[in-house]
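Dear colleague,

I am handing over the structure we spoke about, and my notes on it follow below. Please read them with the coordinates open beside you.

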Amino acid sequence: MIEAELPAVITVIKTAFEPRYATIKSKMAANRINIPTMTSADIEIDTERIGLKGSPTKVKKTFTPRLKKAGVKIKEETASETVSKLLSMLSDAKLI
């Protein structure tokens, strides 16, 4: 753990160790293992404290974000031509 006052710049280099990847043998063993399924009755949990009824938070409103349209790239011969074209597009759209 490292502490630093903000603002700070942090850089990371490759670590000295290589990650261990699963072998074929361990993957095959994982396919054969039996994973038990447990229900709330199996673990004796208070059902009044779970689900919508027991949640301390309530969702007041949900929404689907609006999809954004693709942008337009303006690339003319010179910078002044590009600015002129941008200004004309903005005025045609009644934004300026």
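What radius of gyration does the chain have, and what would a compact globule of 96 residues have? In this model, which is predicted, the chain has a radius of gyration of 29 Å, whereas a compact globule of 96 residues would be near 12 Å. The C-alpha trace, followed along its principal axes, spans about 70 × 50 × 40 Å.

As for secondary structure, the chain has 3 helices and 0 strands, so that its elements, taken from the N terminus on, read α-α-α.

Met38, Ile43, Ile45 and Ile50 make a nonpolar surface patch of about 370 Å². Of these residues, Ile45 is located in the loop between α1 (24–32) and α2 (51–54). Is Ile45 buried, partly exposed or exposed? Ile45 has a relative accessible area of 39%, and because buried means under 20% and exposed means over 50%, Ile45 counts as partly exposed.

Definitions and conventions:
Residues are numbered from 1 along each chain as its sequence is written. This is a predicted model: local features need pLDDT of at least 70, side-chain atom pairs count only at pLDDT 80 or more; totals for chains, interfaces and linings use all residues. Side-chain values use heavy atoms; hydrogens and water are left out. Helices (H or I, at least four residues) and strands (E, at least two) are DSSP runs, numbered from the N terminus. The radius of gyration is taken over C-alpha atoms; the globule rule is 2.2 Å times the number of residues to the power 0.38. Patches are made of residues with over 30% relative accessible area and no salt bridge: like charges are joined within 9 Å, nonpolar side chains (Val, Leu, Ile, Met, Phe, Trp, Tyr) within 5 Å. Accessible areas come from the Shrake-Rupley method with a 1.4 Å probe; for residues, only the protein chains shown count as cover. A salt bridge is a side-chain nitrogen of Lys or Arg within 4 Å of a carboxyl oxygen of Asp or Glu. Buried means under 20% relative accessible area, exposed over 50%, partly exposed in between (1.4 Å probe, protein chains only).
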